[in-house]
Amino acid sequence: MKLHRITAILIRHLYLYKRSFPRLMDIFYWPIMDLLVWGFFSAYLAGTNLDDFNVVSVLLGALIFWNLLSQSQKAVSVSFLEDVWEKNLLNIFVTPLRVSEFLIATSILAIIRIALIITVMGALAIFLYQFNIFQFGFYLIPFLINLLLFGSILGIFIMAILLRYGQQAQILAFGFIFLIQPVSAVFYPVSALPTALQYVAAFIPASYIFEGMRSVVATGSFSFSDLFLAFATNAVYLVLSVVFFYYMFARAKRRGSLLKLE
Amino acid sequence: MRFHMKQTSEPVIQVKNLVKDFGSVRAVDGISFETERGKITGLLGPNGAGKTTTIQMLLGIVTPTSGEITILGMSPATHREEILSAINFSSPYVNLPYNLKVRENLLTFARLYGVRDAAGKIDELADFFEIRELLPKLTSALSTGQLTRVNLTKALLNDPKLLLLDEPTASLDPDIADKTRSFLKRIEHERGVSILYTSHNMAEIEEICERVIFLNKGKITDEGSPDELIEKYGQKNLNEVFLTIARGQ
């Protein structure tokens, strides 16, 4: 594994972000709009004094973390799509670049992207709603790592699907995340789901991550069991998604379809 | 200019009984050939002959159904990184990211190939291909001829021992195509780069290739120097040889 090849992929995308206003908008526009709409709604609910429940903290916390998950997934899968759109895949994969280096580079891109988002959303939440997400400090970091990991796993899974179906499946890069949102316990606990969906949620790392984060934000207590289950399910899905990606990549090479994706 | 080749007699590319099936279609049908070091070899044939599939198998982005490939004495199956570090590729059908400036694109690829003093290398090649004034421009703003030269610059960043060129002069006007051929001849002579070249322009193949390999329906139908083939088929030029072979006369 070579660092210079990982940084090459990374700077190729950073050059792109630097110059492309629509891409920067994609990073910041939706999270900020979400923050405004849900933030004012939370502030309104807080004014109704619902059983001393800290509505602003819980809703805004959930909203910020949901955006981090969705943006980390998009960072990975859209970076692959950029090369498909620009007919650059062949140029990339006829260099000595390894698939593993490509995957690592896109995951680092996800870290950069969520670092930008948490900074902007966190600052806006303080400014607009006096809600300081950073006050929870180190308690949230293990959950943030899991969030990033799960976003990257979803991104890798979507890239593998793109290797099979090409651009006709590109909507997955933008919409797949919403398929798992209802069972991810983002805005409500798993217990609020019907029993059948609670079983589904048990297989989704995001449900443990959001339960754990909610516990930290709402009550200040740290749930080791949620953290452990988040790591365990993420570990399983990480292996499965990487194996799936390698399988689909080898299949694309066998069928000569890598170029036809474009 | 530096010479980067070891002057040995070992072929740059050795292909034995190479087969590629796409489902029930056999795109490449048991071809075997070798290319010499420091020479330009033309890979010719009508559309669907298997030229591009052969190049893609050499580049490792299409997996052969069977057969053996050896590049620079190494097998791609066991020495992928070493081989891809020592070869490069250019095709007008494959783009560089058009939202990046030319210099940014070249820096990205220089980094991918682990080029030391990437900025110096880019400047050196920019002078060679006369694209220095294009470096600060967006890639999307370039003309087809300028893009071809930028693609060739990218293809030489790692001082390749072998260059695979898929129709490098396609869609270029005669003037730019002629300049591109001159560049390629300079690359061959001054840098000792071996080149495998596909084209549908027989006049240019006759002009720059020392040896040609004819493919038709996935098989090698003939090979030799352009002069040998013209004489063998009793034709006036390589274009007529092409038509004779392609039409199975």
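**Figure 1. Confidence of chain B in the predicted model.** Chain B has an average pLDDT of 89, and 96% of its residues score at least 70. The structure is a predicted model. Residues 1-7 of chain B keep a pLDDT under 50. For this stretch the model has 23 contacts beyond four places in sequence. For the complex, the predictor gives an ipTM of 0.87 and a pTM of 0.88.

**Figure 2. Packing of helix α1 of chain A on helix α3 of chain B.** Two packed helices are described by the angle between their axes and the distance between the axes. Here helix α1 (residues 3-19) of chain A and helix α3 (residues 102-112) of chain B have axes 7 Å apart, at an angle of about 165°. Angles over 145 degrees count as roughly antiparallel, and α1(A) and α3(B) are therefore roughly antiparallel to each other. Their crossing is left-handed. On the α1(A) side, the residues that meet α3(B) are A:His4, A:Arg5, A:Thr7, A:Ala8, A:Ile9, A:Ile11, A:Arg12, A:Tyr15, A:Lys18 and A:Arg19. On the α3(B) side they are B:Glu104, B:Leu107, B:Thr108, B:Arg111 and B:Leu112. By type, the residues of this contact comprise six nonpolar, three polar and six charged.

**Figure 3. Crossing of helices α5 and α10 within chain A.** Helix α5 (residues 99-129) of chain A and helix α10 (residues 224-255) of chain A cross at roughly 125°, and their axes come within 11 Å. That angle makes α5(A) oblique to α10(A). The crossing of α5(A) and α10(A) is right-handed. From α5(A), the residues in the contact are A:Val99, A:Ser100 and A:Leu103. They meet A:Phe245, A:Tyr246 and A:Phe249 of α10(A). Five of the residues in this contact are nonpolar and one is polar, with no charged residue.

Figure 4. Over all chains, the structure holds 18 aromatic pairs. The view shows A:Phe40 and A:Tyr129, whose rings form an edge-to-face pair. The ring centres are 5.5 Å apart, and the angle between the planes is 75°. A:Phe40 lies in helix α2 (residues 21-47) of chain A and A:Tyr129 in helix α5 of chain A, so the pair ties together parts that are 89 residues apart in sequence.

Terms used:
Residues are numbered from 1 along each chain as its sequence is written. Chains are lettered from A and ligands numbered from 1 in the order in which they are written. This is a predicted model: local features need pLDDT of at least 70, side-chain atom pairs count only at pLDDT 80 or more; totals for chains, interfaces and linings use all residues. Side-chain values use heavy atoms; hydrogens and water are left out. Axes are lines fitted to C-alpha atoms, for helices over the stretch in contact, and angles run from 0 to 180 degrees between N-to-C directions. Helices (H or I, at least four residues) and strands (E, at least two) are DSSP runs, numbered from the N terminus. Angles under 35 degrees count as roughly parallel, over 145 as roughly antiparallel, 65 to 115 as roughly perpendicular and the rest as oblique. A crossing is left-handed if the near helix is turned anticlockwise from the far one by less than a right angle, and right-handed if clockwise. Contact means heavy atoms within 4.5 Å. Ala, Val, Leu, Ile, Met, Phe, Trp, Tyr, Cys and Pro count as nonpolar, Asp, Glu, Lys and Arg as charged, and the others, Gly among them, as polar. pLDDT is the predictor's confidence in each residue, from 0 to 100. Rings of Phe, Tyr and Trp (its six-membered ring) pair if their centres lie within 6.5 Å; planes under 30 degrees apart count as stacked, over 60 as edge-to-face and the rest as tilted.
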